[in-house]
Amino acid sequence: MTSTTDMYKNLPPKVKTFFDRQYKDSYLLFEASRNERTGLYADAYFSFDQNPDYRCSIAATGVGLISLCVADKEGWDEKAAEKAILTLRGVSGEIEGCEVAREEKTGFFAHFVDMETGENLNSEYSTIDSTLLITGALFAGHHFLDRHPEILEMAHKLLKSIDWSIVVADKETGVINMIAKDGEGIAPLPAYNEYVMVSYLAMLGQPENEDIQALWNNNFAEDKISQLPQEEFRGLSVLNDRPGTFLSSFVQQFPFFLVPEYAESPTYLEYYKNACLADRFKWKELDDVPSYIWGYGAGPNDGLFGGYHADKINNAPHDIASSYIIGGYLPVYPAGIYDLYAQYSLHIPYDVYTNDEDKEDEAKLRAAYKYGLHRISWWHLEQPDRWYPTKVTLIDWSSMLYGLAGFKHGMSFFSERLPKVNSMSKVK
């Protein structure tokens with residue numbers, strides 16, 4: 001079986017040129033969204049407004065740390081390690097004037113904070129966003145370990161500074177609390193979802209806690225994956241959280257890249273392939289949509305219809321395709337690189353687009369897709385009233401970064417940079 005790394009090496013020249021440009025741009029978007037003083041990363045990059053945003057996303061900051069590892073791997077940024085250290089100092093309260101908001105009793109981070117001061121911007125103390133931050137810190141720690149062991153030390157300090165026990169809502173069924181408030185966990189969410197990562201990190205942070213052990217061992221350990229809730233779509237079994245519904249594809253993708261047991265699990269791999277096929281098959285049911293347009297992802301829709309939405313099978317207003325979802329599935333559907341190339345070459349040649357008859361249109365397309373493919377409304381793509389996305393959210397864009405890196409280097413790039421849950425006796 002041909003590996004994706006071999007496929008990358010043998011891509012046709014035009015497709016490889018596109019891949020390399022989109023891959024580097026997937027990092028450059030993060031770099032453009034980074035605060036130079038605090039190392040915090042913005043929630044979104046704006047197409048037509050000033051950047052970076054004043055609002056930092058703690059989850060995006062975790063992905064920003066992973067983006068620095070990608071940049072270091074590729075030789076794009078000689079100061080990647082220095083930037084990672086600055087970011088970790090920023091979230092740890094070691095930069096003057098920047099104290100990132102955390103829940104006082106448990107240590108969980110606020111979802112959105114001010115990029116300069118770290119002040120909470122009226123957001124919850126989020127277990128998943130804190131998980132994404134610290135996962136990025138651990139990833140960077142292992143990536144730079146030989147040259148900068150202090151990064152892993154800082155990451156471990158962050159990991160141990162949180163009381164992970166409050167995430168356990170129901171250790172028998174895998175229900176995890178989404179929010180920390182007044183020293184307790186609230187807003188329980190039933191499995192299966194991206195909160196698998198919270199359970200994974202809790203095991204790393206407090207492996208001696210019996211409730212945390214039980215949460216993982218009873219629900220999310222590799223031998224339990226096949227027992228997670230599922231929904232059938234055209235004969236495919238797809239992991240989900242409740243009967244009769246489907247999840248946005250990013251939910252399937254995040255644990256694949258950021259939980260090493262899942263990246264290496266043959267069982268999860270089959271469900272992951274099924275989720276990819278289900279996404280593609282559903283798009284094929286839509287009239288007049290070409291096969292290279294697909295991807296049920298989350299993201300903003302400003303200027304088309306209200307706000308942010310996590311698109312999924314049977315719940316996707318206006319049928320907006322997320323190209324970064326295709327990127328996230330490349331390790332299991334490598335032919336998707338040709339879908340991305342078709343979107344680029346036929347519709348959104350973001351780096352070479354010209355329109356001599358309408359320079360305003362040219363400027364808008366180049367601005368909306370400055371760092372490459374993301375949200376696309378097929379129904380507006382070839383119309384005079386073409387929809388131009390006003391921003392790209394970094395946490396959703398992460399699927400593009402992860403998928404392109406996994407396609408070029410293989411999934412070991414991820415699984416080797418994150419620790420596995422230690423073997424231990426299962427708690428009944």
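Visitor: Which residues are linked with Arg-21 in a network of salt bridges?

Guide: A salt bridge is a side-chain nitrogen of Lys or Arg within 4 Å of a carboxyl oxygen of Asp or Glu. Here Arg-21, Asp-25 and Asp-351 form such a network. This is a predicted model, in which local features need pLDDT of at least 70 and side-chain atom pairs count only at pLDDT 80 or more, while totals for chains, interfaces and linings use all residues. Residues are numbered from 1 along each chain as its sequence is written, and side-chain values use heavy atoms, with hydrogens and water left out.

Visitor: Where in the chain do Arg-21 and Asp-351 lie?

Guide: Their side chains meet in a salt bridge at 3.1 Å, N to O. Arg-21 belongs to helix α2 and Asp-351 to the loop between α13 and α14, 330 residues apart. Helices are DSSP runs (H or I, at least four residues), numbered from the N terminus.

Visitor: How is the packing of α3 and α4 described?

Guide: Two packed helices are described by the angle between their axes and the distance between the axes. For α3 (residues 58–74) and α4 (residues 80–91), the angle is about 165 degrees and the axes are 9 Å apart. The two helices are therefore roughly antiparallel, a term for angles over 145 degrees. Axes are lines fitted to C-alpha atoms over the stretch in contact, and angles run from 0 to 180 degrees between N-to-C directions.

Visitor: Which residues of α3 meet α4?

Guide: Contact means heavy atoms within 4.5 Å. Thr-61, Leu-65, Leu-68 and Asp-72 in α3 meet residues of α4 including Ala-80 and Leu-88.

Definitions and conventions
Parallel < 35°, antiparallel > 145°, perpendicular 65-115°, else oblique.
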